[in-house]
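Please consult the sequence and the model while reading.

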Amino acid sequence: MMGILFALLHVPELVAAVPGAQRDVELALQYMLSLECDGEGRPGPHGHYPTQMGPWRDREPLVHWCHGATGAVFLLCKAHEQLADPTYLRAAERSGESVWERGLLKKGPGSCHGISGSAYALLRLYRTTGQDKWLHRALKFAEFMDSEEFTAGARTPDHPLSLFEGWAATLCLWADLLGGPQSAAMPMFEV
């Protein structure tokens with residue numbers, strides 16, 4: 001649902017051309033916000049989101065770009081920009097806090113379910129808010145991928161050089177951090 005809403009927010013003129021579609025997008029965003037939960041799956045404004053419907057609350061919410069708090073940051077920042085509603089920015093920041101708390105993933109360096117994706121979510125918040133804490137945190141995530149703890153503890157992805165699973169995302173992240181984090185965007189997603 002988050003990915004579909006994210007895409008729709010990028011084509012507001014097309015959404016506006018369909019009677020009632022704008023209202024439907026806003027209702028879907030409100031429904032998504034109603035699913036927000038804590039790290040144990042209990043409802044409340046804590047920045048996590050379920051990865052599936054049904055009896056999901058017995059599983060720890062994931063912090064990945066493809067689902068969970070990391071992906072929510074991108075959607076909620078875009079909703080804030082398009083709809084000029086601070087509710088979405090506050091929710092994005094809560095998700096960013098969840099990414100900061102749980103985003104050092106052991107699945108690898110990639111953008112989808114790896115640390116680079118977590119860092120890009122924090123950079124998205126930096127771009128949206130201008131607050132240096134988000135940039136600082138993204139830098140810390142990038143530094144962690146060069147640590148002995150990460151290299152010893154992270155699993156080797158199926159495609160270790162790919163953008164979504166591997167080191168290509170990390171190279172893009174480092175290039176963005178060195179070249180201008182104020183314009184950094186998740187490769188192949190935001191640009």
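Helix axes are lines fitted to C-alpha atoms over the stretch in contact, and the angles between them run from 0 to 180 degrees between N-to-C directions. The model discussed here is predicted. On that basis, the axes of helix 6 (residues 115-129) and helix 7 (residues 132-144) come within 8 Å and cross at roughly 165°.

**Helix 6 and helix 7**

- Angles over 145 degrees count as roughly antiparallel, and helix 6 and helix 7 are therefore roughly antiparallel to each other.
- The crossing of this pair, helix 6 and helix 7, is left-handed.
- On the helix 6 side, the contact is formed by I115, S118, A119, L122, L123, L125, Y126 and T129.
- Their counterparts in helix 7 are D132, W134, L135, R137, A138, F141 and F144.
- By class, the contact of helix 6 with helix 7 comprises 11 nonpolar, 2 polar and 2 charged residues.

**Helix 5 and helix 6**

- Helix 5 (residues 86-102) and helix 6 have axes that come within 10 Å and cross at roughly 145°.
- Helix 5 passes helix 6 with left-handed geometry.
- Helix 5 contributes L89, A92, E93, G96, V99 and W100 to this contact, while helix 6 contributes S118, L122, L125, T128 and T129.
- The residues in the contact of helix 5 with helix 6 are 6 nonpolar, 4 polar and 1 charged.

**Helix 3 and helix 4**

- The axes of helix 3 (residues 21-34) and helix 4 (residues 69-83) lie 12 Å apart, and the packing angle is about 140°.
- Helix 3 and helix 4 are therefore oblique to each other.
- The crossing of helix 3 with helix 4 is left-handed.
- Q22, E26, L29, M32 and L33 of helix 3 make the contact with L75, L76, A79 and L83 of helix 4.
- The contact of helix 3 with helix 4 has 7 nonpolar residues, together with 1 polar and 1 charged.

**Domain 1 and domain 2**

- The domain assignment divides the protein into domain 1 (1-103) and domain 2 (104-190).
- The centres of domain 1 and domain 2, taken over C-alpha atoms, are separated by 20 Å.
- In the contact between the domains, 21 residues of domain 1 meet 26 residues of domain 2.
- About 2000 Å² is buried between domain 1 and domain 2, with 71% of it on carbon and sulfur atoms.
- W65, F74 and W100 provide 34% of the area that domain 1 buries against domain 2, more than any other three residues.

Note on methods. Residues numbered from 1 in each chain as written. Predicted model: local features only at pLDDT ≥ 70, side-chain atom pairs only at ≥ 80, totals over all residues. Heavy atoms only, no water. Helix = DSSP H or I, 4+ residues; strand = E, 2+ residues; numbered from the N terminus. Parallel < 35°, antiparallel > 145°, perpendicular 65-115°, else oblique. Left-handed = near helix turned anticlockwise from the far one by under 90°. Contact = heavy atoms within 4.5 Å. Nonpolar A, V, L, I, M, F, W, Y, C, P; charged D, E, K, R; others polar. Domains from an automatic or database assignment. Buried area = accessible area lost by both parts, 1.4 Å probe.
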